[in-house]
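Subject: Structure handover

Dear colleague,

Here is the structure I said I would pass on. My notes on what was found in it follow below.

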Amino acid sequence: MEILITYGHREEDLASLPIRDLALFVLEREGKPINTEVSISFVDDTAMAELNERFRGMEGPTDVLSFECDNIDDDITAADGPSCPVYELGDIIVAPDVAARQSTEFGNSFEQEVSLLIVHGLLHLCGYDHIVDEEAEVMEARERELLTAWTERDLPAVSENR
């Protein structure tokens with residue numbers, strides 16, 4: 001799997017975060033093939049507001065946008081190997097300034113908020129949505145499940161004798 005990251009804004013705050021590892025973690029758990037490619041870009045509020053207006057008709061910056069490339073409904077099971085053509089899952093655009101404001105508002109760390117936005121964007125590329133309440137519940141539950149597993153991935157098992 002290939003994760004292409006572009007730091008167009010706040011690289012000094014983002015480069016040390018395990019963004020690539022988190023994206024790989026999510027894609028593996030979502031069963032994406034080894035030839036999957038995703039791009040993640042970080043932009044300032046102005047660029048995000050322009051994208052939000054152009055593609056969603058919404059004014060102002062949003063926190064994350066996802067743009068699907070290859071169709072998620074394509075049968076890619078036979079294309080899971082290193083010599084297969086790249087499966088371009090899509091592009092994720094994140095506004096780190098929005099993430100910083102939201103982290104303060106919701107009581108998360110900047111890293112937690114960026115991680116949530118990356119997971120959210122990846123799940124959109126994997127076919128999840130939140131337009132209707134039932135879909136939102138499924139997507140939010142999956143976000144929580146993945147973020148919990150991500151957080152606990154390196155924690156050693158706690159002895160029962162403690």
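Helices, as named here, are DSSP runs of H or I with at least four residues, numbered from the N terminus. In those terms, His 130 sits in the loop between H5 and H6. Please keep in mind that this is a predicted model.

I start with the annotated histidines. An unreviewed UniProt entry lists His 120, His 124 and His 130 under "binding site". His 124 belongs to helix H5. With a relative accessible area of 21%, His 124 counts as partly exposed, because the buried class ends at under 20%. His 130 is partly exposed as well, at a relative accessible area of 36%.

Setting aside neighbours within four places in sequence, His 130 is in contact with His 120, His 124, Glu 135, Ala 136 and Met 139.

The largest nonpolar core has 34 residues, and Val 38, Ile 40 and Phe 42 touch the most other members. Two or more residues each come from strands E1 (2-7), E2 (36-42) and E4 (87-94), and from helices H2 (19-29), H4 (96-106), H5 (110-125) and H6 (133-152). H5 gives the largest share, 8 residues. Not counting residues up to four places away in sequence, Val 38 touches Glu 2, Ile 3, Leu 4, Leu 27, Leu 89, Gly 90, Ile 92, Leu 122 and Leu 125. Another core, of 6 residues, lies apart from the largest one and includes Val 43, Leu 65, Ile 93 and Ala 95.

H4 with H5: the axes come within 8 Å and cross at roughly 115 degrees, and the crossing is right-handed. From H4, the contact involves Pro 96, Ala 99, Ala 100, Gln 102, Ser 103 and Phe 106; from H5, Phe 110, Glu 113, Val 114 and Leu 117. These contact residues divide into 7 nonpolar, 2 polar and 1 charged.

H2 with H5: here the axes come within 10 Å, crossing at roughly 40 degrees, and H2 passes H5 in a right-handed crossing. H2 contributes Ile 19, Leu 22, Ala 23, Val 26 and Leu 27 to the contact, while H5 contributes Ser 115, Ile 118, Val 119 and Leu 122. The contact of H2 with H5 has 8 nonpolar residues, 1 polar and no charged.

Regards

Conventions: Residues are numbered from 1 along each chain as its sequence is written. This is a predicted model: local features need pLDDT of at least 70, side-chain atom pairs count only at pLDDT 80 or more; totals for chains, interfaces and linings use all residues. Side-chain values use heavy atoms; hydrogens and water are left out. A nonpolar core is a set of buried Ala, Val, Leu, Ile, Met, Phe, Trp, Tyr and Cys residues joined through side-chain atoms within 4.5 Å. Buried means under 20% relative accessible area, exposed over 50%, partly exposed in between (1.4 Å probe, protein chains only). Contact means heavy atoms within 4.5 Å. Axes are lines fitted to C-alpha atoms, for helices over the stretch in contact, and angles run from 0 to 180 degrees between N-to-C directions. A crossing is left-handed if the near helix is turned anticlockwise from the far one by less than a right angle, and right-handed if clockwise. Ala, Val, Leu, Ile, Met, Phe, Trp, Tyr, Cys and Pro count as nonpolar, Asp, Glu, Lys and Arg as charged, and the others, Gly among them, as polar. UniProt positions are given in the numbering used here, feature names are shortened, and annotations may be inferred rather than shown by experiment.
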